[in-house]
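Morning, everyone. I'll walk through one model today, element by element. Have the sequence and the coordinates open.

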Amino acid sequence: MRQRVIVSAVAVLALLSGCTKSETSNTVVAKAPQVRVAVVGAKQQATIISGVGTVALRRESSLGFTSAGRIARLTVNEGDVVRPGQVLAALDSTTVVADLNRARAERERAAAEFRRSGNLLAQGWITRPRFENAEASLRAADASVSAARFQATNATIVAPGGGIVLARLAEPGQVVAAGTPVLVIGEAKSGYVLRVPLSDRDAARLVPGVPATVTLAAIGDEPIVGKVIEIAGRGDRATGTFTVEIGLPADTRLRSGQIGSAAITSSGASVTALTVPATAVFAARAGEGFVYLVDRASRKVRLRRVSIGEATDGGIEVTGGLDRGELIATSRIDRLKDGMAIDPIGAAR
């Protein structure tokens, strides 16, 4: 009987011991994972405005004839270098010479009529108004001769200065109207510029004189340092953009029509850019993403939606959703959940 009691007591003790071990193992708390964290940093940086434009001589002139006619000759081709006063093109002079001769003949007739009217007035044979009509006819004839002489003189196109022929828009034998562009000449001494179309917002942040770095694939992508020399006073009616001219240093490799990109330093005050490590941002899409914000007191992470900008070697620019000095998780992002406790490492706590 005593043995039976002892066995029962041992069994009860074993059962109680087993229960105690089970309860102890179930109450063990999982250790918080170690996660690297970083402090959201801010740096002062100047705003850089980027654009793509076309190289051109700053002053380019379209030249044409002041009267209609048939082109008799063109002495230059595209790319030719011209000197000041050089004859570039000429009209067939048959018509303009005929107009000048006709005007001169009419002037001689009007002059003879004026002289006769003066004699007749002195003798009392005609009235004063008739004499005045003859005088007016002579003045009109003088004006016609001047106009015809001007047309004859301008039946040629002369280079206004030294430069380069950028475009030849007509050919010998072609009949052109007065004012029709025949040649486009670029003034070499005006220098080359890069004309960049920018939005009204970007153009408003620039002033003449701000520096710009230009790269041209045609000359090997070597950086060229220039500066903004002119900003359009009105936007293009078709595109709404404002043309900004960047003055380029003299270089024999520059040609009108080359394509270049420009990075222009804004004239406004530098802006504060918040940057975070690229590993901290996840589920990025359409200018937005998510980060895990770390609460210093509770050491728990909270999901935060942020607005993001450009990615650089220094990290990702955050344009909204974070403040400078906040703590964010930068590792094990795929294993974290909103409200999870962590053991932060790698930054001041």
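How many residues does helix α3 have, and how far does it reach from its first C-alpha to its last? Helix α3, residues 128-153, has 26 residues and reaches 38 Å. That is close to the 38 Å expected at 1.5 Å a residue. The expected span is 1.5 Å times one less than the number of residues. Helices (H or I, at least four residues) and strands (E, at least two) are DSSP runs, numbered from the N terminus.

Ground rules, quickly. This is a predicted model, where local features need pLDDT of at least 70, side-chain atom pairs count only at pLDDT 80 or more, and totals for chains, interfaces and linings use all residues. Residues are numbered from 1 along each chain as its sequence is written, and side-chain values use heavy atoms, with hydrogens and water left out.

Back to α3. Its buried residues are F131, A134, L138, A141, V145 and A148. Buried means under 20% relative accessible area, exposed over 50%, partly exposed in between, with a 1.4 Å probe and protein chains only. The cover over those buried residues includes α2, residues 94-123.

Now the cores. A nonpolar core is a set of buried Ala, Val, Leu, Ile, Met, Phe, Trp, Tyr and Cys residues joined through side-chain atoms within 4.5 Å. The largest one has 21 residues. L194, V214, I246, L248 and I264 have the most contacts inside it. Which elements give two or more residues to this core? They are β3 (48-57), β12, β13 (211-216), β14 (224-231), β15 (242-247) and β16 (259-265). β12 gives the largest share, four residues. Apart from this core lies another, of 19 residues, with L88, V96, V165 and V176 among them. As background, nonpolar side chains tend to be buried together in soluble globular proteins.

Take I246. Leaving aside neighbours within four places in sequence, I246 is in contact (heavy atoms within 4.5 Å) with residues including Y192, L194, V214, V228 and I264.

Next, a sheet. Four strands form an open sheet in the order β8-β7-β5-β10, with antiparallel pairing. Strands pair if DSSP finds at least two bridges between them. The edges are β8 (156-158) and β10 (175-176), each pairing on one side only. Two bridges join β5 to β10. In β10, V175 is the bridge partner of R70.

A72 also sits in β5, residues 69-74. Is A72 buried or partly exposed? A72 counts as partly exposed because its relative accessibility is 40%. Not counting residues up to four places away, A72 touches A90, L91, D92 and P172. A72 and T156 are 84 residues apart in sequence, yet 9.7 Å apart C-alpha to C-alpha.

On to S190, in the loop between β11 (181-187) and β12 (192-198). S190 counts as buried because its relative accessibility is 15%. Its side chain makes polar contacts: pairs of N or O atoms within 3.5 Å, where within protein one must be able to donate a hydrogen and the other to accept it, and residues adjacent in sequence count only if both atoms are side-chain atoms. The side chain reaches the backbone nitrogen of R59 at 3.2 Å. A polar atom of that side chain lies 2.6 Å from the backbone oxygen of E187.

Last, backbone angles. A283, in strand β18 (282-285), has a positive phi, near 55°. R299, in the loop between β19 (288-294) and β20 (301-312), also has phi near 55°.
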